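I opened a new structure today and kept notes as I went. Here is what I looked up, entry by entry.

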Amino acid sequence: MTVRVGVLGATGAVGQRCIQLLDGHSEFELAAVTASEASAGKSYDEAAKWRVDSPIPDAAADLTVSATDPEEVPDDVDLLFSSLPSGVAAEVESDFAEAGYVLSSNSSNDRLADDVPLVIPEINPGHLDLLEVQRDERGWDGAVVKNPNCSTITMVPTLAALDQFGLERVHVSTLQAVSGAGYSGVSSMEIIDNVIPHIGGEENKMETESKKLLGSFDGAELSVHDAEVSASCNRVPTIDGHLENVWAETAEDVTEADVEEAFRGVESLDLPSSPDQLIEVFEDPSRPQPRLDRTLGGGMAIAAGGVQTTPAGVQYNCLAHNTIRGAAGAAILNGELLARDGWL
């Protein structure tokens, strides 16, 4: 059965990546694209100013862009992918859900709301059951599901693998690509020959979203994980691919072999966008590297390497493609999970 889908904020960087990833999708048919009032009424080809590294899909090019309003989206659209700026999303996503639409959203607003599932399908698919609470409390026929921040989603699958050893404390330092700031987010004069040791709000997102993703849901309430998480986030002059240096402290003593086996043991899912292997582990201590490893699994895999034990636990590096696994691909994978589990 084909699911008719739309993309909210389709002309932005993440919206364009969504359009690219939906091209030729085995289950989803692109039926609607929305953007600002300035783009409404134009063809998508004209409005998008396409910047993705592949041709604009034929299925999207001739679509007419609608305003981002529930009344402008066809009733037979089953699922919406939201890549709206968080300020806009905070104003309109609830309107779409109230109108009966199901949204898989990459926007950062409401990720920590008590009744909004924050989901990585391979890690906490059961948190989707929080939608029952959401619909009861808000009176919606639709629903809103969030995927985490692009730096959080790189690290959390590895932390989930380590939780069997009693995860107690996490320190992470990120080296984040410029595409994470959007096409106009960091000027060339700022980033060339430079590293910027601050990304506004990013550290808090990593520290809070990680605990929610690793938490437990009892059918009525979600409890966050009790591990302490601290982050230092840095912008570096790579185009795509967030590389992260992680120090994890565990209650149990672990060996490097224990950690690598745990990483490899995190199962992928049988969904169209799932990679064959969720966490790819490198023995070479110089890997992973953004230029070499960001497209593993079609950009949906997590790469890990440099595993070393420490007096308190383990140190390692991990990497993911920030606009695919960390944004558009994450939203699409959540959409596939929603469809598989009967939430549409």
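This is a predicted model: local features need pLDDT of at least 70, side-chain atom pairs count only at pLDDT 80 or more; totals for chains, interfaces and linings use all residues.

Which residues lie nearest the centre of the second largest pocket? I noted Arg51, Ser179, Tyr183, Ile239 and Asp240. They belong to a lining of 20 residues.

**Entry: second largest pocket**

I looked up its volume, which is about 510 Å³. I then asked which element gives the largest share of this lining. That is H1, with 3 residues. I sorted the lining by class and got 8 nonpolar, 8 polar and 4 charged residues.

**Entry: largest pocket**

Next I turned to the largest pocket, with a volume of about 920 Å³. Its lining has 43 residues. Closest to the centre I found Val14, Ser83, Leu84, Pro85 and Asn106. I listed the elements that give two or more residues to this lining: helix H1 (13–22), helix H2 (44–48), helix H4 (86–98), helix H8 (202–213) and helix H11 (324–340). By class I wrote down 15 nonpolar, 21 polar and 7 charged residues.

**Entry: the parallel sheet**

In what order do the strands of the parallel sheet run? I read E3-E2-E1-E4-E5-E6, an open sheet of 6 strands. I checked the edges and found strand E3 (66–67) and strand E6 (143–146). Each has a single partner strand, so one side of each has no neighbour in the sheet.

I picked one pair to follow. Strand E4 (residues 79–82) and strand E5 (residues 102–105) are joined over 4 bridges, in the parallel sense. Ser82 stands opposite Ser105 in E5. I also looked for a helix on this sheet. H1 packs there, touching strand E1 (3–8), strand E2 (28–35) and E4. The direction of H1 makes about 160 degrees with that of E1. H1 had already come up in my pocket notes, as a contributor to the lining of the largest pocket.

**Entry: the mixed sheet**

I found an open sheet with mixed pairing, also of 6 strands. Its order is E10-E7-E11-E14-E13-E12. Which strands stand at its edges? They are strand E10 (228–235) and strand E12 (279–281), and each pairs on one side only. I noted an average twist of 25 degrees from one strand to the next.

Here I followed the pair of strand E13 (residues 302–310) and strand E14 (residues 313–320). They pair in the antiparallel sense over 6 bridges. Thr309 stands opposite Val314 in E14.

Two helices went into my notes for this sheet. H8 lies across strand E7 (167–176), E10 and strand E11 (242–250). H8 runs at about 145 degrees to E10. H9 packs on the sheet and touches E12, E13 and E14. The direction of H9 makes about 160 degrees with that of E13.

**Entry: a helix pair**

I finished with H9 and a helix partner. To describe two packed helices, I need the angle between their axes and the distance between the axes. The axes of helix H6 (residues 150–162) and helix H9 (residues 256–264) come within 8 Å. They cross at roughly 115 degrees. The crossing of H6 past H9 is right-handed.

Which residues of H6 meet H9? I found Thr158, Ala161 and Leu162. On the H9 side they meet Val259, Ala262 and Phe263. I sorted the contact by class: 5 nonpolar residues, 1 polar and no charged.

Conventions:
Residues are numbered from 1 along each chain as its sequence is written. Side-chain values use heavy atoms; hydrogens and water are left out. Axes are lines fitted to C-alpha atoms, for helices over the stretch in contact, and angles run from 0 to 180 degrees between N-to-C directions. A crossing is left-handed if the near helix is turned anticlockwise from the far one by less than a right angle, and right-handed if clockwise. Contact means heavy atoms within 4.5 Å. Ala, Val, Leu, Ile, Met, Phe, Trp, Tyr, Cys and Pro count as nonpolar, Asp, Glu, Lys and Arg as charged, and the others, Gly among them, as polar. On a 1 Å grid over the protein atoms alone, a cavity is a set of points where a 1.4 Å probe fits but cannot get out, and a pocket is an open set with protein on both sides within 12 Å along at least five of seven lines; lining residues have an atom within 4 Å of a point. Grid points are joined across faces, edges and corners, and a volume is the space filled by probe spheres set on the points. Two strands pair if DSSP finds at least two bridges between them.
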